[in-house]
Amino acid sequence: MAVKKIAKNIKFEDALVELEKQVHLLESGELSLEESLEVYKYGVELSKVCTSKLEAVKQEVEKIVVTDSNDFGYETEAFQDLEVK
């Protein structure tokens, strides 16, 4: 069983749903050790995609807030504690 390829243009929500499916597969206990390893690897890649997309959105929001702060007095403090894991 080879690790599935993840589409480059996959939406965050689709990647998250797929990641949840992989977690359920692992939790089911019905996979062989080799299958579990492949599902785990695929899940790690999906997790990286989700994290990357969240980080990109976070940076975009921070840019908007910083741009708006010059006009409306908003601060980026609300996003300093936001951490993507």
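Select Gln 22, which counts as buried because its relative accessibility is 5% (buried means under 20% relative accessible area, exposed over 50%, partly exposed in between, with a 1.4 Å probe and protein chains only). This is a predicted model, in which local features need pLDDT of at least 70 and side-chain atom pairs count only at pLDDT 80 or more, while totals for chains, interfaces and linings use all residues. Residues are numbered from 1 along each chain as its sequence is written, and side-chain values use heavy atoms, with hydrogens and water left out.

Gln 22 sits in helix H1, residues 12-28 (helices are DSSP runs of H or I, at least four residues, numbered from the N terminus). Then show Lys 4, Val 39, Tyr 42 and Leu 46, which Gln 22 touches when residues up to four places away in sequence are not counted (contact means heavy atoms within 4.5 Å).

Next, go to helix H2, residues 33-72, and select Glu 38 and Lys 41, three residues apart, about one turn of the helix. They form a salt bridge, with the closest N and O atoms 3.7 Å apart (a side-chain nitrogen of Lys or Arg within 4 Å of a carboxyl oxygen of Asp or Glu). Glu 38 counts as buried at 15% relative accessibility, whereas Lys 41, at 37%, counts as partly exposed.

Finish in helix H2 with Glu 45 and Lys 48, also three residues apart. Their side chains meet in a salt bridge at 3.6 Å, N to O. Glu 45 counts as partly exposed, at 35% relative accessibility. The structure holds two salt bridges.

Note on methods:
Helix = DSSP H or I, 4+ residues; strand = E, 2+ residues; numbered from the N terminus.
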